[in-house]
Amino acid sequence: RNFRFRRLGCRLLGALGAGYLKYHQNQPTSVLGQAGNKMLRLFVHLASLYAIVSALNPTDEGVLRTMRDEIHGIRNLPGWINGTGDMCQWTGITCEEGGNYVAKIVLNRRGLSGRLPAQLANLTKLSYLDFDHNNMDGPIPWQLSTLQLLWMLTVQGNQFSGNIPVEFGNFPSLTFLDLSVNTFVGDIPYQLEGLKSLTYMDLSVNDLGDAIPDQLCNLPQLAQFYAYQNQLTSVPACFNNMHSLQSCDVSENLLKCSPAKICAQTVPPCK
């Protein structure tokens, strides 16, 4: 939609500009004094309006250019060097059929640093986001949770910090969430119970504390849960009632025991 709008806007402005030049060539100076100036003012006004609306409706390529400006090291990758040519050919970018929208971003192990721009949330067709094993830092943008099609989010092995956004419980399609090996702090948000499609969650090797929230027992599809090497203090007993849960590792926390049998493979069971 944004791509078609920008193309239509360019054609409209081009037609107006050509019309103005033709009008200018065919009219005497006396006429141009008033009517010509009115047409010029109209052209300038429309050009300004188009620029404003374009800024409010960024194309996917515009989002990638923001990434290019804010993520260090990305300009060393083919396609990103000059930021020109078909964005679907840039390293790590896969587009959906038609080439107007970004469907996947896979930029793991690229030596990247800096912060993920919140503008990634404008990639409305994005379904797969992988920034594993880089040096990205700062808070992870909560705005990502507005991505309706995103099913894979993995940022393992970076330096992301701050709290896990409570808004991450709003992902409608997320099935795979890996935030491990970062420096996240605070509690595990109970709002993550909203991830009704989630099958895999890895929060290991962070600095998360307090109890694992009972609300995670409301995840009907969760099959694998990992949260080892944190500061967690308890495991919910209701994990025993999760028929989907097949694997759990909560070792190297502040736990004395686990009432959940599935997690008692990595810490002593509670008697």
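Me: Which residues form one aromatic cluster here?

Reply: The model is a predicted one. Within it, F176, Y200 and Y226 make up one aromatic cluster. In the structure as a whole there are six aromatic pairs.

Me: How is the pair of F176 and Y200 described, and why is it called stacked?

Reply: In general, one describes two aromatic rings by the distance of their centres and the angle of their planes. For F176 and Y200 the centres are 4.3 Å apart and the planes lie at 0 degrees, so the pair is stacked; the cut-off for that term is an angle under 30 degrees. F176 belongs to strand β9 (residues 176–178) and Y200 to strand β11 (residues 200–202), so the pair ties together parts that are 24 residues apart in sequence.

Me: Are F176 and Y200 buried, partly exposed or exposed?

Reply: The term buried applies under 20% relative accessible area, and exposed over 50%. F176 has 22% relative accessibility and therefore counts as partly exposed. Y200, at 14%, counts as buried.

Me: Where does a charged side chain sit over a ring?

Reply: Two cases may be cited. K104 lies over the face of Y128, at 4.6 Å from the ring centre. The charged end of K125 is placed over the ring of Y101, 5.8 Å from the centre of that ring.

Me: How many salt bridges does the structure hold?

Reply: As a general idea, side chains of opposite charge can pair when their charged atoms come close. A search of the whole structure finds two salt bridges. One joins E61 and R65, with the closest N and O atoms 2.5 Å apart. E61 and R65 are four residues apart in helix α3, and therefore about one helical turn separates them. E61 is partly exposed at 26% relative accessibility, and R65 is partly exposed at 32%.

Me: Which side chains meet in a salt bridge at 2.8 Å, N to O?

Reply: Those of R75 and D69. R75 is partly exposed, with 38% relative accessibility. D69 has a relative accessible area of 53% and so counts as exposed, the limit for that term being over 50%.

Me: How many disulfides does a search of the whole structure find?

Reply: There are four. With the bonded cysteines of the chain numbered in sequence order, the pairing reads 1-2, 3-4, 5-7, 6-8.

Me: What is the handedness of the disulfide of C217 and C238?

Reply: The torsion about the S-S bond is about 75 degrees, so the disulfide of C217 and C238 is right-handed. C217 is in the loop between β12 (207–211) and β13 (224–226), and C238 is in the loop between β14 (231–234) and β15 (247–249), so the link ties together parts that are 21 residues apart in sequence. The sulfur atoms of C217 and C238 are 1.9 Å apart. C217 is buried at 17% relative accessibility, whereas C238 is partly exposed at 22%.

Me: Where do C248 and C263 lie, and how far apart are their sulfur atoms?

Reply: The sulfur atoms of C248 and C263 are 2.0 Å apart. C248 is in strand β15 and C263 in the segment after β15, so that the pair links distant parts of the chain, 15 residues apart. This link is right-handed, with 95 degrees about the S-S bond. Both C248 and C263 are buried.

Me: Which residues have the most contacts inside the largest nonpolar core?

Reply: They are M67, I105, F131, L153, F225, F239 and V250, in a core of 63 residues. The elements that give two or more residues to this core are α3 (60–70), β2 and β3 (102–106). The most come from α3, with three residues. F131, leaving aside its neighbours within four places in sequence, is in contact with residues including M67, I71, I105 and L107.

Me: Where is T91 found, and is T91 buried or exposed?

Reply: T91 is in the loop between β1 (71–72) and β2 (93–95). Its relative accessible area is 15%, and T91 is therefore buried. Leaving aside neighbours within four places in sequence, T91 is in contact with L77, P78, W80, L107 and R110.

How values were computed. Residues numbered from 1 in each chain as written. Predicted model: local features only at pLDDT ≥ 70, side-chain atom pairs only at ≥ 80, totals over all residues. Heavy atoms only, no water. Buried < 20%, exposed > 50% of the residue type's maximum accessible area, 1.4 Å probe, protein only. Contact = heavy atoms within 4.5 Å. Disulfide = S-S within 2.5 Å. Core = buried A, V, L, I, M, F, W, Y, C linked by side-chain atoms within 4.5 Å. Phe/Tyr/Trp six-rings, centres within 6.5 Å; stacked < 30°, edge-to-face > 60°. Lys NZ or Arg CZ within 6 Å of the ring centre and 35° of its normal. Salt bridge = Lys/Arg side-chain N within 4 Å of Asp/Glu carboxyl O.
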